[in-house]
Amino acid sequence: MTKLIALFKTLLVAAALAAGGAHAQTAPSAAANAAPSGPVKLESLRSGVPIEQSIGIAPARQERDSRPIDRDFVQQPPLIPHTINNYQITKNFNKCMDCHAFGKAKAAGATRVSVTHFRTREGQELDNISPRRYFCTSCHVPQTDAKPLVDNTFTRARGLR
């Protein structure tokens, strides 16, 4: 466990250095103007709390259940924001199938799961959803109006605008 924590710390430092390096490559004049004269103090989102200690996470206000969100890039899973608190998803049971199974979706007013979820790793078609396709939280992602941690210039794919 100690080796894992040390590796994680090393990766955090490398990521911080890489982020600084990437900024210097994209804006060399700004980096030259803002170059500090002394050592740079790195500050993490953990605010100095050692990695071995747990920190509380400020609760975010989740938006209400809503209609599916338009896709922003090809191959994006559909985003269907609704709460899934206390939903049981195990290899033997999937609460999501109470509404999203082919036989229940129409009556529930829900989106059916994709037919791709009925294939095994080897491509065999099944009568029921493949347990290895129980990645329901790829589509059911709680949404919040939280402020982004970093600036983002992402734009939707041209074909989807």
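User: How many helices and how many strands does the protein chain have?

Analyst: The protein chain has 4 helices and 0 strands, where helices (H or I, at least four residues) and strands (E, at least two) are DSSP runs numbered from the N terminus. This is a predicted model, in which local features need pLDDT of at least 70, side-chain atom pairs count only at pLDDT 80 or more, and totals for chains, interfaces and linings use all residues. Residues are numbered from 1 along each chain as its sequence is written, and side-chain values use heavy atoms, leaving out hydrogens and water.

User: Why is glutamine 76 called buried?

Analyst: Its relative accessible area is 6%, and buried means under 20% (exposed is over 50%, partly exposed in between; 1.4 Å probe, protein chains only). Glutamine 76 is therefore buried. The residue lies in the loop between α2 (28–33) and α3 (97–100).

User: What does glutamine 76 touch, not counting residues up to four places away in sequence?

Analyst: Glutamine 76 touches Asp70 and Arg71 on that count, a contact being heavy atoms within 4.5 Å.

User: Are cysteine 96 and cysteine 136 buried or exposed?

Analyst: Cysteine 96 has a relative accessible area of 4% and is therefore buried. Cysteine 136, at 13% relative accessibility, also counts as buried.
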